[in-house]
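My entries follow in the order I made them.

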Amino acid sequence: MRRVARLLEQWADKEGLDAGERDRRVAMGHLHDTLKGASAEALRTILDPPMAELPGPVLHGPAAAELLGREGVDDASLLRAIRFHTLGHADLDDAGRALYAADFLEPGRDLRNKWRARLRERMPDERDAVLREIVRARIEHLLARGRPVRPETMGFWNSLAKGEAWVRASAV
Ligand SMILES: [Fe+2]
């Protein structure tokens, strides 16, 4: 979480965000995985359906957001960012998109390291292009294994995809 927070801080500084927003993003980094070690059964007791029915590896974000909300955190943007930091969501704002990217790109994650280092170098200037690469890779990973793709993830992809106006128009 410290590495994610550090990336968010670096990107906030590069973007010239004010101190309050930078601190908010650092806080997201420190909070987003607080429940990562908990069992799926324990996390499901915190959540109501449909969130309680999510697969085990993505429960910790929604559960952390739920508990923070119960503790009186009323920053909807921060809660949404934490809730959907693994799945993605079309409604993620700038902070939520930064957290999603930082969580995937933090240097401690041992996965396709050269590719991820290149993506890190392009942040935050090319954020949406970088996010397209990440979300595409995650969806391709699921498809290659014959696994389902959550609607939240597809919604995130559609919000990032070129020509997303077509998707919105076709939904009317
Ligand atoms: Fe996480």
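**Entry 1. Arginine 112.** I began with arginine 112, which is exposed because its count of other C-beta atoms within 10 Å is 11, and 12 or fewer counts as exposed. The model is predicted. I placed arginine 112 in the loop between helix 6 and helix 7. I then looked up the phi of arginine 112 and found a positive value, near 40 degrees, in a residue other than glycine. I noted the background for this: most residues other than glycine have a negative phi, and most peptide bonds are trans.

**Entry 2. Glycine 72.** I looked for another positive phi and went to glycine 72, which follows helix 4. The phi of glycine 72 is near 105 degrees.

**Entry 3. Cis peptide bonds.** Which bond joins methionine 123 and proline 124, cis or trans? I found a cis peptide bond there, with omega about 0 degrees. Proline 124 sits in the loop between helix 7 (113-121) and helix 8. I also checked the step from proline 49 to proline 50, where the peptide bond is cis and omega is near 5 degrees. Proline 50 belongs to the loop between helix 3 and helix 4.

**Entry 4. Proline 57.** I stayed in the loop between helix 3 (40-46) and helix 4 (60-70), where proline 57 is also placed. Is proline 57 buried or exposed? I counted 10 other C-beta atoms within 10 Å of proline 57, so this residue is exposed. I then took a C-alpha to C-alpha distance from proline 57 to glycine 37 and got 10.0 Å, for a separation of 20 residues in sequence.

**Entry 5. Helix 4.** Which residues of helix 4 are buried? I listed His60, Gly61, Pro62, Ala63, Ala64, Ala65 and Glu66. I looked for what covers these buried residues of helix 4 and found that the cover includes helix 2, helix 3 and helix 5.

**Entry 6. Methionine 28.** I moved to helix 2 (residues 19-31), which holds methionine 28. Methionine 28 has 26 other C-beta atoms within 10 Å and is therefore buried, given that 20 or more is the cut-off for buried. Leaving out residues up to four places away in sequence, I found methionine 28 touching Leu8, Leu78, Ala81, Ile82, Ala95 and Leu99. Methionine 1 is 27 residues from methionine 28 in sequence, and I computed 9.1 Å between their C-alpha atoms.

**Entry 7. Helix 2 with helix 5.** I next looked up how helix 2 packs on helix 5 (residues 76-83): the axes come within 10 Å and cross at roughly 35 degrees. Helix 2 passes helix 5 in a right-handed crossing.

**Entry 8. Helix 6 with helix 8.** For helix 6 (residues 94-105) and helix 8 (residues 127-144), I got an angle of about 55 degrees, with the axes 10 Å apart. That angle makes helix 6 oblique to helix 8. The crossing of helix 6 past helix 8 is left-handed. In helix 6 I listed Arg97, Tyr100, Ala101 and Phe104, which meet Arg127, Val130, Leu131 and Ile134 in helix 8. The contact of helix 6 with helix 8 has 6 nonpolar, no polar and 2 charged residues.

**Entry 9. The whole chain.** I finished with the totals. How many helices and strands does the protein have? I counted 10 helices and 0 strands. The radius of gyration is 16 Å, close to the 16 Å that the globule rule gives for 172 residues, so the protein is as compact as a globular protein of that length. Along the principal axes, the C-alpha atoms fill a box of roughly 40 × 40 × 35 Å. I found that 34% of the 172 residues count as buried. Of the contacts between residues at least 6 apart in sequence, 52% join residues at least 24 apart.

How values were computed: Residues numbered from 1 in each chain as written. Predicted model: local features only at pLDDT ≥ 70, side-chain atom pairs only at ≥ 80, totals over all residues. Axes fitted to C-alpha atoms, helices over the stretch in contact; angles between N-to-C directions. Helix = DSSP H or I, 4+ residues; strand = E, 2+ residues; numbered from the N terminus. Parallel < 35°, antiparallel > 145°, perpendicular 65-115°, else oblique. Left-handed = near helix turned anticlockwise from the far one by under 90°. Contact = placed C-beta atoms within 7 Å. Nonpolar A, V, L, I, M, F, W, Y, C, P; charged D, E, K, R; others polar. Rg over C-alpha atoms; globule rule 2.2 N^0.38 Å.
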